[in-house]
Structures are given as C-alpha cells and as structure tokens.
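The structure is shown first.

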Amino acid sequence: MKQFKLTSQPFKQTVFSNQAETKPVLERKWYGVIDMPDGKSYLYTYTAKQRSEAVVYFEEEARLNNGVLTTVSAFK
C-alpha cells in the first residue's frame with residue numbers, strides 16, 4: 001500500500017473571471033452561391049454582423065441578375 005506524505009502547506013484556490021480574453025469578432029464574412037439561368041454558379045461575399053443581413057444582400061444580387069440563391073454560409 002502506498003503511503004502519502006502530509007504537507008503543512010494549504011491548498012491554493014484558483015479563481016477564474018468571466019471576462020473574455022480576446023475581443024469578440026462583431027462582423028463575419030458571409031459567402032453566397034447564386035445559380036444563374038445560363039447554368040453557371042457564382043460565389044459572392046459580404047461582410048455583416050448577422051446572417052439575415054447577408055441573405056437580404058444575396059437575394060437582391062440574385063434578383064438583379066435573374067439568378068437563384070442556393071447557399072449561404074460563413075467560415076471562421
């Protein structure tokens with residue numbers, strides 16, 4: 001059986017703060033794929049805080065170019 005040595009040093013308590021160590025990124029780069037009537041697909045980019053804002057932009061671009069918005073995504 002293993003014996004443990006008792007120490008007279010008290011335990012140290014670690015306190016964590018709820019503060020973020022880095023600044024949050026407020027804007028993301030959004031990517032939208034628009035299919036055109038001629039069979040080609042085009043990739044558009046837009047920087048926005050929210051996905052809904054980017055979708056509105058991509059849908060407007062698709063409408064102006066007679067295309068259809070197929071995919072919206074963001075990459076970190």
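## Helix over the sheet

In this predicted model, helix α1 (residues 51-64) lies across β1, β2 and β3. Its direction is at about 145° to β2, with axes being lines fitted to C-alpha atoms, for helices over the stretch in contact (heavy atoms within 4.5 Å), and angles running from 0 to 180 degrees between N-to-C directions. Helices (H or I, at least four residues) and strands (E, at least two) are DSSP runs, numbered from the N terminus.

## Sheet

The three strands form an open sheet in the order β2-β1-β3, with antiparallel pairing; two strands pair if DSSP finds at least two bridges between them. Strands β2 (41-48) and β3 each have a single partner strand and stand at the edges, so one side of each is left without a neighbour in the sheet. From one strand to the next, the twist averages 25°.

Six bridges join β1 (residues 28-35) to β3 in the antiparallel sense. G32 has V72 in β3 as its bridge partner.

## V68

V68 is in strand β3 (residues 68-74). The residue counts as exposed because its relative accessibility is 53% (buried is under 20% relative accessible area, exposed over 50%, partly exposed in between; 1.4 Å probe, protein chains only).

Leaving aside neighbours within four places in sequence, V68 is in contact with V33, I34, D35 and A62. Its C-alpha atom is separated by 8.3 Å from that of P37, 31 residues apart along the chain.

## Basis

Residues are numbered from 1 along each chain as its sequence is written, and side-chain values use heavy atoms, with hydrogens and water left out. Local features need pLDDT of at least 70 and side-chain atom pairs count only at pLDDT 80 or more, while totals for chains, interfaces and linings use all residues.
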